[in-house]
Amino acid sequence: MAETLLAILLVTSSAKGPNVVYRWPPFVENTRPRLSRPRPPVDGLELDNPWRASHYSDNSNALAETYMEGAVDVNIDDYAWRRPAESRDRSMSFSCSAIPASGSDSPCNDERREIDPVANEYQCLFDYTAQFLAGMLCPQRHLCHQKFELVIDNLVFAGHPVCAEPDGIWCFKPERYKTGSRGRGSRHRESNLPDKDSSEVSLGGGDAHSTATPKSSWLHIFHLVLVFDLPDPSSSASGNVARYFDTIYEQIAFTVTAVLFQEQVLSNFVELECDAIGSLETEYIVKGEHFSDFALHAQRVSSIATAMKNLYDAIKSSNMAHITLNDLPLELQLPPYLDHLLHSEEEFELELAGRLENQTDSQLWGRELSFGWRLPALVPWKSLLLLDTDQELDPYMNLRGSHVHAEERSLAEGLIKFLETASVTLSLADMASLLDWDLHSQVYPTVRWLVHHRRAKIVDTVHNGLKTIFSIAPKFDKPLAILAAEFKRDFPQPSILPLPMLMATISNSNSKQADNHFFATVVQSKDLISLYHEVVVWMLKRDLLITLHLHVRVVATAELKVHVRQAHERKLERLASHHLREGRRSSRRGDYGVGDAHEHPRVNVPWLSLSPKAARRYSRRSIDSGQSKPSDVSESILLEEAEDVFDEISAEDSGEENVGWGSSEDTLEPSMISDPGTASPLERKWLAAMSEGKDEYIARRFALINQYFDGKRTDDEILYTAEISRKQLREVLHHYEEYLQTFLHPA
C-alpha cells in the first residue's frame with residue numbers, strides 16, 4: 001500500500017521561522033535509483049547480441065574469461081542518474097536570502113553539521129537542511145487552506161497547509177458560496193475574494209471568531225506533509241499518477257489536517273504538542289543522543305507523534321490506521337488496490353477485477369468505494385461475510401456501551417441484530433426480509449459502512465447444504481506453508497482434511513461434469529456440514545476460494561432451424577391452397593348467378609376470398625368492361641390471383657413481424673442467440689419452436705426466464721430476478737437441455 005510513501009512530516013512556521021517539528025520514520029528510505037543509461041548484463045556475456053549468441057558455443061570459455069576479467073572494472077553506479085550537484089547540499093544551490101534568518105544557519109553551525117554526525121541527523125533531511133525544507137513547505141497565507149503539491153526532482157510533497165488569521169487568532173474559515181460563473185478563471189477569482197464577503201457563511205456560525213482560540217499564539221502555519229518517491233510516469237497509464245496522489249490527499253492528508261485544525265481552533269492543541277516535542281528535541285540535542293531515540297521518546301509525550309507513526313506503519317502495511325488526536329479516535333485507510341495504478345502490466349487485471357457491472361452499481365457503492373477497491377456489485381443476491389476484528393474495536397462492545405444515548409438505543413439494537421443475522425448462507429435480500437428493513441435505505445448503507453471499515457466483505461451466497469461449486473484462488477496473500485499451519489491450528493479435528501489436500505480435492509472437482517460441488521467432493525456426510533461450514537468461512541476470509549456460478553446460453557440447432565423453415569413453407573402452401581380453392585368456388589358461383597335483364601350483369605365474386613390487390617383489380621375491371629360476361633371476368637381475375645398468391649401470402653405473413661426469411665440470419669447452421677431478451681422475430685420463432693411438445697407450465701416458465709439466458713447472468717441473479725426456486729430452474733434446464741449451453745464461471 002502506498003509503496004511510494006517515504007515519510008510523514010509536521011512542519012510549522014512562526015515568528016522565529018519555519019521548522020520541521022517531527023518526522024517519521026527517523027531514517028528515511030532512499031528513493032529508487034533512476035538510470036541515465038541501461039546497465040550492462042551482470043554476467044557480461046551479452047547473449048541478446050545476435051552475433052555473440054550465434055558464436056557463444058564456439059568460444060564460450062574465452063568469452064567468459066574475457067568478461068570476468070573486465071567485470072571488475074565495471075562500476076554499476078556509473079549508470080545511475082545523479083543530480084548535477086548531488087555531491088553538495090541541495091539547499092546550497094539556492095540563494096541564502098531564501099532561508100529565514102536564524103542562528104542555526106550560522107557558519108559555526110554549518111561547520112558543526114559537517115563534523116557532528118549526531119547533529120546532522122537532526123538538521124538534514126532528503127539532502128536538504130531541515131529549516132530550508134520547512135521554508136519550502138510553508139507557503140504564504142494566500143496559498144493556505146487548499147491542496148499543496150510540490151515536486152522536486154524525484155520527490156513529491158503533498159499536504160494541506162492551514163494558517164491563523166493575520167492577528168494570530170486561529171478560527172474556522174468561512175464557507176464561500178460559489179456564485180460566479182464557471183470557467184477557467186473562476187477558481188483564481190474566488191481565491192482573491194476578501195475574507196469578509198457578504199456571501200460567506202462561517203462553519204461555526206455567523207461569527208467567524210465565535211469559536212476561535214481566546215488568545216493569539218506563536219504558531220502561524222502548520223502543515224502535515226506526506227513525502228513520496230515520484231513514480232515513473234511511463235510505468236502507468238495516462239492520468240493514473242495524478243489520480244494516485246489525489247486519492248492519498250483526499251483520504252489521508254486532508255482528513256488528518258481537518259481534525260488538527262479543528263482541535264487547534266478549539267483548544268490550541270497543535271501548538272501545545274509542538275511545544276512539548278520541541279522541548280524534548282532540545283534536550284536530546286544537548287545530550288548528544290541520536291535522533292532515533294528522540295523520535296521514539298516523542299511518541300510518549302505527543303499524540304501527534306504517535307499518530308504519525310501509526311499512520312505511516314498502517315499505510316505501508318495496507319492496514320487500517322487507528323489513531324487518536326486529542327482523545328478523538330480516527331480510522332483512516334487507502335483503497336487496497338491503489339498501488340496497482342502505478343503498474344501498467346496489471347492494468348488489464350485491474351480493469352477486470354475492479355470493474356463494476358454498470359453505473360448503477362458504482363452509485364450504490366458511493367464515491368469512496370468505487371475506485372481502487374475491486375468490489376463486486378452490491379446486488380440483492382450477494383451475501384455479507386463478517387471479518388475478524390480486534391477486541392478493542394469490537395462493534396458489539398461499542399454498541400452495547402454505556403455511552404450510547406437513550407434515543408440511539410433502538411438504532412444500536414437494530415445494528416446488533418443485523419450483525420447477528422448476517423451469514424454467508426443468507427442473501428442481502430433475505431436479510432432485509434428477516435429484519436423487515438428496506439434494502440436500499442437500510443441494508444445497503446449498513447453494508448457500505450462495514451465494508452469501508454473492513455469489518456465485512458461481499459461474497460457469493462453459499463448453499464445451506466454446501467452444494468456450492470468452488471475453485472481455488474490463483475494467488476494467496478501468504479505462503480501456503482503458513483496458511484496450512486494456521487488451518488491446522490484452527491481445525492485440529494481428524495475428520496478435516498489438511499489444507500493442501502483440501503485444496504487439491506477442490507481443484508480436481510472442477511474437471512467433473514456432475515457432483516462437483518463442495519458437499520459431494522469434500523464433505524460427503526451430513527454430520528460434517530456444520531464443521532465444514534466453518535472451514536468454508538475460514539477460507540473465504542482469506543480469499544482462498546472462488547465461487548463458480550452457472551451461466552446459460554441458448555443455441556438454435558440446425559435441426560430446429562430446418563423444422564421452423566419447413567413449418568413456414570407448409571404454412572405458405574396451406575394458405576395458397578386455401579386461396580385457390582376459395583377462388584374456384586367463387587368462380588363457379590359466378591357462372592350460375594342470375595341478374596336483372598334490364599341491368600348490367602354483375603360478377604358474383606366474394607370479396608373476402610380476394611386479396612386487397614386482386615379486389616382493386618376486380619373493381620376497376622368491372623367498371624371498365626361492363627359488357628363482359630361474369631365468367632370471363634372472374635376467370636381472368638383468378639388467373640392473375642394465382643400468379644401472385646405466393647407473393648401475397650408471404651408478404652402478409654412477414655409484414656406483421658418483419659421476419660427475416662432469406663436474410664443472412666436465416667441459415668441452417670447452428671448459432672447462438674446472443675440476447676434472448678431482445679431477440680429478432682426469426683429468433684423468437686426459434687425460441688417458440690423449442691417449446692413444441694413440452695408441458696404447458698414448463699413452456700410458460702421457459703418463455704419467462706429465457707431472457708436471462710445470455711451467458712452473462714449468474715444462476716443466483718436468475719433466481720432472484722425471475723422469482724423462481726432452484727428446483728424450477730433445474731427443471732427448465734433439464735427439459736430444454738438440447739437447446740441450452742451451460743458453463744461455470746466466477747463472475
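1. Leaving aside residues up to four places away in sequence, Phe294 touches Val21, Tyr22, Tyr122, Ile277, Leu280, Glu281 and Tyr284, where contact means heavy atoms within 4.5 Å. This is a predicted model, in which local features need pLDDT of at least 70 and side-chain atom pairs count only at pLDDT 80 or more, while totals for chains, interfaces and linings use all residues. Residues are numbered from 1 along each chain as its sequence is written, and side-chain values use heavy atoms, with hydrogens and water left out.

2. Phe294, together with Tyr22 and Leu325, touches the most other members of the largest nonpolar core, which has 60 residues. Such a core is a set of buried Ala, Val, Leu, Ile, Met, Phe, Trp, Tyr and Cys residues joined through side-chain atoms within 4.5 Å, and buried means under 20% relative accessible area (1.4 Å probe, protein chains only). Helix α7 (residues 240–267) gives the largest share of this core, 12 residues; helices are DSSP runs of H or I, at least four residues, numbered from the N terminus.

3. The axes of helix α9 (residues 291–301) and helix α10 (residues 303–316), which are lines fitted to C-alpha atoms over the stretch in contact, come within 6 Å and cross at roughly 120 degrees. Ala298, Gln299 and Val301 of α9 meet Ser303, Ala305, Thr306 and Lys309 of α10.

4. Asn706, in the loop between α25 (696–705) and α26 (715–722), counts as buried because its relative accessibility is 8%.

Note on methods. Buried < 20%, exposed > 50% of the residue type's maximum accessible area, 1.4 Å probe, protein only. Helix = DSSP H or I, 4+ residues; strand = E, 2+ residues; numbered from the N terminus. Axes fitted to C-alpha atoms, helices over the stretch in contact; angles between N-to-C directions.
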